[in-house]
Amino acid sequence: MQMNENWLKEFESLTITDDVIFGATFEEYPELCKHLIEIILDIKVKDLHYIEREKSIDERLDAKGIRLDIYVEEQGTGRSFDIEMQIANKADLGKRMRYYQGMIDMDKLKPGDSYKQLTDSYIIFICLFDPFKRRLGKYTFRTACLEDRSLDLNDGLTKVVLNAKGLRKDMSVELKNFLDYVQGKKVSGDRFIDALDAAVESIKRQERVRMKHMKLRMLRMEEREEGRAEGREEGREEGREEGREEGREEGRAEGRAEGRAEGRAEGESKLARLMQRLFADGKVEDAKEAAENKTRRAELVEQYGIV
């Protein structure tokens, strides 16, 4: 496939925040993924049982499928970790995490399995924005009782949101450095960041990654075009409906106007015939009253039988 020169230049400038680069790097270097989980959650992780790049989960034909950036399980314990890179703020983070967790759980359990087989699960979103506007660098959520905060539901769920631009209080140096690196800042003297940056550059030189990125880019362009086409069609239909409604409204307005005009014309015709009759009878005063007084005019029209 012939690379477009502009696209190649764009590709060379990509960083860890690009979803293809992000996924491919941690797929190729699982030890880096393991260490990233450890510094984010401040826990020790055993060897990762597997890594699935952009794992697609679609349990039911009528369900909304999801594509996970990084989905790994810890060998032995079965603890699962879903890591997502989020650049755009779509204002649906909480609901998205809820849906992701539900689909992950459905993927874990097979018919006949016990709920006890559900292992601890961690969903991690790395954001370049603050989705909650509280300025924290790290938000950790677990299911607790509102009446007694010391009482945990023990559902095994932990959700973590990193805000790269947030405050870094009580955050490890390694995690601070990672968030700086995600923002494109220069980080020196950090072995993990040095290894991660070298891995990113190596990944960008792989032809399969370049092809994957180009294909995904083309797919997204097609999806956007389809979306625009659907939007245009919906817009045209809405426009047609609005046009029909406007037409009906205009028709009603024209009808009212025509009705008023016809009413005026009919009234003027009756008045003209009444005047002719009054002047013919020499009733000048009555004619003057009919011209100035609607009630008197109506009486005279009825009196003369003018229809």
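Visitor: How do the axes of α2 and α6 cross?

Guide: Two packed helices are described by the angle between their axes and by the distance between those axes. In this predicted model, the axes of α2 and α6 cross at roughly 110° and come within 9 Å. The two helices α2 and α6 are therefore roughly perpendicular to each other, because angles of 65 to 115 degrees count as such.

Visitor: Which residues of α2 and α6 meet?

Guide: On the side of α2 they are Ile 21, Ala 24, Thr 25, Phe 26 and Glu 28, and on the side of α6 they are Leu 196, Ala 199, Val 200, Ile 203 and Lys 204. By class, the residues of this contact of α2 with α6 divide into seven nonpolar, one polar and two charged.

Visitor: At what angle do α2 and α3 pack?

Guide: Helix α2, residues 19–28, packs against helix α3, residues 30–41, at an angle of about 105°, and their axes lie 5 Å apart. That makes α2 roughly perpendicular to α3. From α2, the contact is made by Phe 26, Glu 27 and Glu 28; from α3, by Pro 30, Leu 32, Cys 33 and Leu 36. The contact of α2 with α3 has five nonpolar and two charged residues, and no polar ones.

Visitor: Is helix α5 mostly covered or uncovered?

Guide: Helix α5, residues 173–182, is mostly covered, with seven of its ten residues buried. The buried ones are Leu 175, Asn 177, Phe 178, Leu 179, Asp 180, Tyr 181 and Val 182. What covers them includes the helices α3 and α6 as well as the strands β5, β6, β7 and β8. After α5 comes Gly 184, which has a positive phi near 90°.

Visitor: Which residues other than glycine have a positive phi, and where are they found?

Guide: Most residues other than glycine have a negative phi. Asp 42 is found in the loop between α3 and β1. Another is Lys 133, which has a positive phi of about 60° and is placed in the loop between β6 and β7.

Visitor: Do Asp 42 and Lys 133 count as buried or exposed?

Guide: Residues count as exposed when their relative accessible area is over 50%. Asp 42 therefore counts as exposed, at 70% relative accessibility. Lys 133 counts as exposed too, at 64% relative accessibility.

Visitor: What is the nearest side chain of opposite charge to the buried Glu 84?

Guide: The nearest side chain of opposite charge is Arg 96, at 6.6 Å. Glu 84 has no salt bridge, because a salt bridge requires a side-chain nitrogen of Lys or Arg within 4 Å of a carboxyl oxygen. Leaving aside neighbours within four places in sequence, Glu 84 is in contact with Phe 22, Arg 67, Leu 68, Asp 69, Ile 70, Tyr 100, Ile 124, Phe 125 and Ile 126.

Visitor: How many helices and strands are there in the protein, and what share of its residues count as buried?

Guide: The protein has nine helices and eight strands. Of its 307 residues, 37% count as buried. Among contacts between residues at least 6 apart in sequence, 61% join residues at least 24 apart.

Methods:
Residues numbered from 1 in each chain as written. Predicted model: local features only at pLDDT ≥ 70, side-chain atom pairs only at ≥ 80, totals over all residues. Heavy atoms only, no water. Axes fitted to C-alpha atoms, helices over the stretch in contact; angles between N-to-C directions. Helix = DSSP H or I, 4+ residues; strand = E, 2+ residues; numbered from the N terminus. Parallel < 35°, antiparallel > 145°, perpendicular 65-115°, else oblique. Contact = heavy atoms within 4.5 Å. Nonpolar A, V, L, I, M, F, W, Y, C, P; charged D, E, K, R; others polar. Buried < 20%, exposed > 50% of the residue type's maximum accessible area, 1.4 Å probe, protein only. Lys, Arg positive; Asp, Glu negative; His and termini not counted.
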